[in-house]
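Good morning, and thank you for joining.

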Amino acid sequence: MVETLLRKPLDSATVRVPLGQVFLISGRCKGCRFCIDFCPKDVLVESQNMNAKGYHYPVVAHGKEDACVNCGFCSLVCPEFAIFTEEV
Amino acid sequence: MAEIQVESHPIDALFRKDRLPHIWCPGCGIGPIAHAYALAILESGIPQDKHVCVSGIGCSARAEGYMNLDTYHTTHGRALPFATAMALVNPELEVTVLSGDGDLIAIGGNHLIHAARRNVDINAICVNNFNYGMTGGQVGPTTPPGARATTAPYGNYEQPFILPYLAAAAGAVFVARWTSLHVRQLKDAILRAMQKKGFTFIEVLAPCPVGFGSPNDIGDAIEETWLYRERCVVDHNASLQSLEIDLRRKDVPFVMGNFVDIERPTFDPLVMMKEKGRE
Amino acid sequence: MIVTPREARVLTGSHFMLGDHACAEGALAAGCTFFAGYPITPSTEIAERLAARLPAVGAIFVQMEDELASMAALVGASLAGARAMTATSGPGFSLMQENIGLAVMMEAPCVVVDVQRGSPSTGLPTLAGQSDMMQVKWGSHGDYEIVAYAPSSPQEAFDLVVKAFNTADRWRIPVFVMADELIGHMTERVVIPPADQIPRVERKRPRHKPGDPSFLPFLAENEDLVPPIVHAGEGYRVNFDSLTHDERGYPATAAAPHDRLVRRLVNKIRLHADQIIEYEEALLDDAEVAVLAYGSTARSARRAVIEAREQGIRAGLLRLITVWPFPENKIRELNNRVKAFVVPELNLGQMSRETERFSSRPVIGVNHAGGAMMAPAPILDAIREATK
């Protein structure tokens, strides 16, 4: 309880951590896993499904639906222009 | 929220969408580099119609074909003189040469040093994946010592170039090195190159899991990219001679940065006539 | 040789002019806006003259690091909208072959002047040869067609350089002016007409506006098989590829589009050769021996034909102005009425081979590997031989 009081940022009322929505063009994915491995919030996992080329594209992990902070790194690092985020 | 499936990407306007997905291997670093280039085009303030991309031959050189610009896929090694002529004939064009280490440094090496010497107003982006990828992974002038390639099965016994050192020595006015992982810094460097008058040279290390990683016991693109991530340091003030890359020597980091940003007279064949006030 | 720069592009008037300089003045009169080259004897005078003249008229002269770069620069300049030219000789011509192929593939109009010298290899830098005649047709890898002119005088060097620019722009090909050291280094009368009398053919431009998604940049809608050209920066956003490509300009590396493209590039010229071929006939109407000659050798051939006539031999001269496309129909026609052909060349048999292809009569070569003007005497001997 004390820990929660001490560790809460003093400006947490005014500073908002962004929330991002992940958009996916699954047909372009080639399963390289850059987005999955480099997401700072570990939002993404490999899906059980495959696209038409047989690659397992990324999906938002169970329980991580509100974890994306719209940093945009997945969009920048994806070699296929297959994923991007927008701020909610 | 779960992911939403869509059909297009915000950067698609800069690409020939009907040609996607591209031919590069899963995990290839050229895609993020093309993406950084596209973002720099959008931020450059120069109309998309005035941007021109010229390349030679190789995997990296294929990038131009995917970009929604005036693009020129020329002969192996000859992108720089081709681009020089375009820049001279139409100074309104923003000319970028996006090509690979084999194309720009081996067969194109002579043209590189002369373009830098002249200080032609073009931007060179050299994707360095340490091998000749398109033809299956042969050794090249940037292959690190000891690394294996199909034409160096016992390990590369040649010494590679240090590209920023070479470009700076030849006269480039802006010299930088990043990786395909340092996408934001790369985009900023490309933007600086576009805004700067003169010959700019950006080396970008990129993973090549099939051509380079596989023969060198690097498992996949993720492992190759983590290799860069772990061994990269950023030091804009590093001495150019110290920028060597040797995979075997764990104590030698891969140094990234914007190393050179100077002013030199740019190449303008008509300036001399104008300045002398000839009739 | 110092040339006072003048703002006049067209040096209208009657001049006593070096052949190489006439090439340079032809370029200026034709509206050349870009020259990229490398010094090489015996063509260097062209570059030197243009180094002084082009900047004075606001055009670009650049000495590139080698001929590989020069030819690459020509293609780039052309596709940025310039009328581009280079000048070289045998060794440089060999280096240019790679990007001559690029000019063919990208359909980039440009002009290459080859002032031929003794070959092969470094050969005889300062003395004439005519041994690049097959190379100009076949030098780059692959099937392709080009147009090559052969001037026989400094006047003709001027005229044919002007014509070369127009032919290049009309058909979207690299066009060659195959001079030789004798023509390049001789000084003769050159008459340059007023600027408004210099013929000018413009490139075909698209009817589609930039951004029109229905525009196919490599579709030849007309019978002439020449697609309209677009230049960098105009907004069309076209891909020009050295790879085999489809009508969109996208790489299409498969058998069907490759055959379609290469056939169109070849047929562009082959099917329209009659609009391009030029030659000069002298005394051929009743000839029993036809002398086929070009370039500096044609001057000696003309003297030999006149002397043969004086000796009662009905000789005639077919002087090639276009060496490629080769005037095969004319050869076939002459084949019906002459006893033999005589082909004098400063090489060991190049255009004679082409003549043989289209004739059933004997083709007698008068050959020298190069290094001196061919005298009329050996040509006259061959004419006499031909009547036996």
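Chain C is divided into domain 1 (13-195) and domain 2 (280-386), with bounds that come from an automatic or database domain assignment. This is a predicted model: local features need pLDDT of at least 70, side-chain atom pairs count only at pLDDT 80 or more, and totals for chains, interfaces and linings use all residues. Residues are numbered from 1 along each chain as its sequence is written, while chains are lettered from A and ligands numbered from 1 in the order in which they are written.

The C-alpha centres of domain 1 of chain C and domain 2 of chain C are 26 Å apart. To their contact, domain 1 of chain C contributes 21 residues and domain 2 of chain C contributes 23 residues; two residues are in contact if their C-beta atoms, placed from the backbone, lie within 7 Å. On the side of domain 1 of chain C that touches domain 2 of chain C, the elements giving two or more residues are β6 (124-128), α5 (133-138), β7 (147-149), β8 (174-180) and α7 (181-185) of chain C. Helices (H or I, at least four residues) and strands (E, at least two) are DSSP runs, numbered from the N terminus. The largest share of that side, four residues, comes from α5(C). By class, that side of domain 1 of chain C has 14 nonpolar, five polar and two charged residues. Here Ala, Val, Leu, Ile, Met, Phe, Trp, Tyr, Cys and Pro count as nonpolar, Asp, Glu, Lys and Arg as charged, and the others, Gly among them, as polar.

L346(C) sits in the loop between β15 (340-345) and α11 (351-357) of chain C. Is L346(C) buried or exposed? L346(C) is buried, because 30 other C-beta atoms lie within 10 Å; the criterion for buried is 20 or more such atoms within 10 Å, for exposed 12 or fewer, and for partly exposed in between, with C-beta atoms placed from the backbone. Not counting residues up to four places away in sequence, L346(C) touches several residues, including A128(C), D180(C), T297(C) and M374(C). The C-alpha atoms of L346(C) and N367(C) are separated by 5.9 Å, although these residues are 21 apart along the chain.

I turn to strand β2 (residues 34-37) of chain C. Both of its faces are covered: F34(C) and A36(C) on one side, and F35(C) and G37(C) on the other, are all buried. β2(C) pairs in the parallel sense with strand β3 (residues 60-63) of chain C over four bridges, where pairing requires at least two bridges found by DSSP. In that pairing, G37(C) is opposite Q63(C) of β3(C). Two bridges also join β2(C) to strand β4 (residues 84-88) of chain C, again in parallel, and F35(C) is opposite M85(C) of β4(C).

Finally, chains A and B. Their contact takes 27 residues from chain B and 22 residues from chain A. The side of chain B that touches chain A draws two or more residues from each of β1 (4-5), α1 (30-43), α7 (183-195) and α9 (221-231) of chain B. That side of chain B comprises 17 nonpolar, seven polar and three charged residues. Across the two chains, strand β1 (residues 20-24) of chain A pairs with β1(B) in the parallel sense over two bridges, and L24(A) is opposite Q5(B) in β1(B).
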